[in-house]
Amino acid sequence: MTSTTAVSVAPTLHAGETIRRSDRRLGIVMLAPALLYIALLVAVPFLLALFLSLTNSSAGSLEFSFVGLQNFENVIASPVFRRALRNTFVFTFVSQLAVIVLGNVLARALMKSFHGKAIARFLILLPWAAPISLATLGWLWIFDSTFSVINWLLKVAGWLGPGQWYYWLGDPTLGMVAVIMIHVWRMLPFSTVILLAGLTSIPNEVREASAIDGAGLFSRIFRIEIPMMKPILTVAVLFGVVFTFTDMSVVYLLTRGGPYNSTHVLASLAFQEGVLGGDVGRGAAVAIFLVPVLVVLAIFMLRTSRRAEVV
Amino acid sequence: MAAALSPVRRTAAVVVHRATILFFIAFAIFPFYWMVVTSFKQNADLYVGATNVAHNPFLFNLPPTLDHLRILFGQTLYLTWLRNTLFVGLVVVGITLLLAVPAGYSLARLTGRWGERLSIGIFMTYLVPSTLLFIPFSRLVSLMQLQNSLWSLVLIYPTFTVPFCTWLLMGFFKSLPREVEESAMVDGCSRVGAIWRMVLPLSVPGLLTVVIFALTLVIQEFVYSLTFISSVQRMTVSVGVPVALVRGDVYYWGSLMAACLITSIPIAVVYNFFLDRFIAGFTVGAIK
């Protein structure tokens with residue numbers, strides 16, 4: 001106790017050394033449980049995933065032997081896997097492109113003050129807050145082969161003539177459209193709120209100054225606002241990509257990867273092979289293909305955060 | 001600038017703006033509207049088939065009914081699933097607070113420069129997806145004899161609640177002025193005493209955010225629960241409803257949609273209140 005008082009009376013230490021030794025020790029003690037937990041239950045399983053992908057382990061037994069890169073070779077040779085790999089990129093790219101475009105429109109609309117804005121915001125945010133498995137179930141019913149309300153609307157509108165019908169989840173292309181639609185629906189609120197935070201952080205003087213200088217709406221958006229919002233746009237895109245790229249719930253519940261394995265993504269295929277099929281090594285190998293993209297995203301994210309701190 | 005617009009163009013702008021907002025609201029809430037309608041419709045009104053153009057599925061063509069709710073609460077395990085979810089949620093919240101509060105404080109005050117780097121590292125682990133880890137976890141879970149037990153979820157769920165909550169709490173503790181502890185310490189309190197008596201009472205909003213956040217993440221989680229829990233009795237609500245209420249090709253759409261609705265809406269309402277803080281967690285550093 002005496003030492004604490006003594007130090008706090010002492011003159012200010014040099015910058016960067018302001019932490020007392022006793023505090024530093026306490027800091028380590030307080031941090032240790034969380035770090036230990038994360039090391040044991042995130043880092044170790046991550047390494048275990050890499051390890052399992054090199055073995056022939058299966059769900060039934062704990063015995064296994066090394067097979068080197070055999071799993072990866074088998075996986076790459078499989079057309080189902082290649083389709084899943086392509087789907088993962090297509091789903092992520094198309095849905096996130098739509099989300100960023102629509103999110104910008106919506107965030108701009110929500111910038112203005114209007115009657116009932118709080119309610120509008122709440123309703124628009126609903127898709128992001130609802131549990132994804134239950135929301136997807138709602139969509140499953142909307143896309144139902146016999147009772148699809150979308151088909152009813154298309155019939156009424158005259159788009160679907162007599163005898164014409166969309167089997168949303170029974171057709172590879174329509175199945176992909178359905179999956180992308182759900183991803184857009186779910187991620188749009190998230191990106192919108194982030195973009196809204198970015199838009200509100202642009203000082204009003206900037207807008208006024210550009211108006212005085214005679215900048216039109218489009219040059220204001222593309223020359224001033226978007227460059228100013230670049231860090232926040234990056235954040236919105238990066239998180240959106242991470243969440244969409246690694247998701248398996250939507251595909252698993254909506255199409256189970258069907259028809260004919262045409263809508264699988266890496267995550268749902270890893271589940272099918274590794275858990276349902278019991279081939280743990282192969283499932284792990286499929287899931288490992290998520291890693292390179294995640295690493296690239298993580299690097300991007302670190303660079304964004306560092307740049308933002310410098311500014 | 002607005003004054004420069006003619007009245008006609010201003011009206012047009014307002015109309016376009018309202019239409020945009022309404023379009024996005026319709027897109028966002030349509031599935032929920034559909035859940036409501038489905039939950040209360042009689043089967044004869046529900047299963048007509050979309051080829052019948054004369055039958056408008058958006059409206060109640062027959063009087064609404066509570067049958068689906070009766071089935072959901074009386075003849076399914078929905079309440080058991082809710083109880084399971086709540087049990088896992090509360091234990092996970094407890095573990096999360098025990099780990100994340102000290103860690104968040106430590107990173108905010110006691111670790112200096114390397115703590116800053118470490119905190120970004122911790123946040124990054126939030127991005128390691130469940131779809132990558134469920135395979136090794138299924139090994140660990142069977143090694144520990146926890147298959148088909150809610151304790152497997154209690155063990156694993158903190159892997160996604162702790163990193164993000166540590167990060168949120170760190171930001172929260174940083175926003176408190178240092179004088180809070182320092183004045184207590186000058187008065188003879190130890191650092192730990194100062195945290196307990198001065199910092200935590202001031203941090204109730206931050207702690208509450210973390211509790212809500214961890215709880216909603218647990219309720220939303222699907223992949224681990226699907227992988228580790230196989231008996232219907234022990235399922236959580238996010239898996240029980242889509243997996244166990246759907247049997248073969250027989251769907252009880254009314255009860256299913258009621259379950260989705262009843263589970264989603266309270267979470268969404270609570271989440272909405274805390275949303276700005278979560279978003280602040282994602283955007284730290286990117287807004288200046």
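Predicted model: local features only at pLDDT ≥ 70, side-chain atom pairs only at ≥ 80, totals over all residues.

Student: Which secondary structure elements does chain A have, and how many?

Tutor: Chain A has 15 helices and zero strands.

Student: What does the radius of gyration say about chain A?

Tutor: The idea is to set the value beside that of a compact globule with 311 residues, which would be near 19 Å. Chain A has 26 Å. The C-alpha trace of chain A spans about 85 × 70 × 30 Å along its principal axes. Buried residues are 42% of the 311 in chain A. Of the contacts in chain A with a separation of 6 or more, 71% join residues 24 or more positions apart.

Student: Which domains are assigned in chain A?

Tutor: The domain assignment gives domain 1 (18–42) and domain 2 (70–310). Their C-alpha centres lie 37 Å apart.

Student: How should I read the interface between the chains?

Tutor: The size of an interface is often given as the accessible area lost when the parts come together. Here we can count residues instead: 87 residues of chain A are in contact with 84 residues of chain B. Helix H2 (residues 21–52) of chain A gives the largest share of chain A's side, 17 residues. By class, that side has 65 nonpolar, 17 polar and five charged residues.

Student: Now a single helix. Why does the length of helix H5 of chain B agree with its number of residues?

Tutor: Helix H5 (residues 112–125) of chain B has 14 residues, and at 1.5 Å a residue they should span 20 Å. The end C-alpha atoms of H5(B) are 21 Å apart, which agrees.

Student: Which residues of H5(B) are buried?

Tutor: An α-helix has 3.6 residues a turn, so residues three or four places apart point the same way. In H5(B), the buried residues are B:Gly115, B:Ser119, B:Ile122, B:Phe123 and B:Thr125. Because they cover an arc of only 145 degrees around the axis, they are on the same side of H5(B). B:Arg113, B:Trp114 and B:Arg117, on the other side of H5(B), are exposed.

Student: What covers the buried residues of H5(B)?

Tutor: The cover includes H2 of chain A, along with helix H4 (78–110) and helix H8 (158–175) of chain B.

Student: Where does A:Thr55 lie, and which residues does A:Thr55 touch?

Tutor: A:Thr55 is in the loop between H2 and helix H3 (70–77) of chain A. Leaving out residues up to four places away in sequence, A:Thr55 touches A:Phe64, A:Ser65, A:Phe66, A:Val67 and A:Gly281. With 19 other C-beta atoms within 10 Å, A:Thr55 is partly exposed; a residue counts as buried at 20 or more.

Student: Which residues have backbone angles to look at?

Tutor: Look at the loop between H12 and H13 of chain A, which holds A:Arg256. A:Arg256 is not a glycine, yet has a positive phi of about 50 degrees. A:Pro259 is found in the loop between helix H12 (249–254) and helix H13 (266–276) of chain A. The peptide bond from A:Gly258 to A:Pro259 is cis, with omega near -10 degrees.

Student: What is phi of B:Asn148, and where is B:Asn148 placed?

Tutor: Phi of B:Asn148 is near 60 degrees, positive in a residue other than glycine. B:Asn148 is in the loop between helix H6 (130–143) and helix H7 (150–156) of chain B. B:Asn148 is partly exposed, having 15 other C-beta atoms within 10 Å.

Conventions: Residues numbered from 1 in each chain as written. Chains lettered and ligands numbered in written order. Domains from an automatic or database assignment. Contact = placed C-beta atoms within 7 Å. Helix = DSSP H or I, 4+ residues; strand = E, 2+ residues; numbered from the N terminus. Nonpolar A, V, L, I, M, F, W, Y, C, P; charged D, E, K, R; others polar. Expected span 1.5 Å × (residues − 1). Buried ≥ 20, exposed ≤ 12 C-beta atoms within 10 Å, placed from the backbone. Arc of directions from axis to C-beta. Rg over C-alpha atoms; globule rule 2.2 N^0.38 Å.
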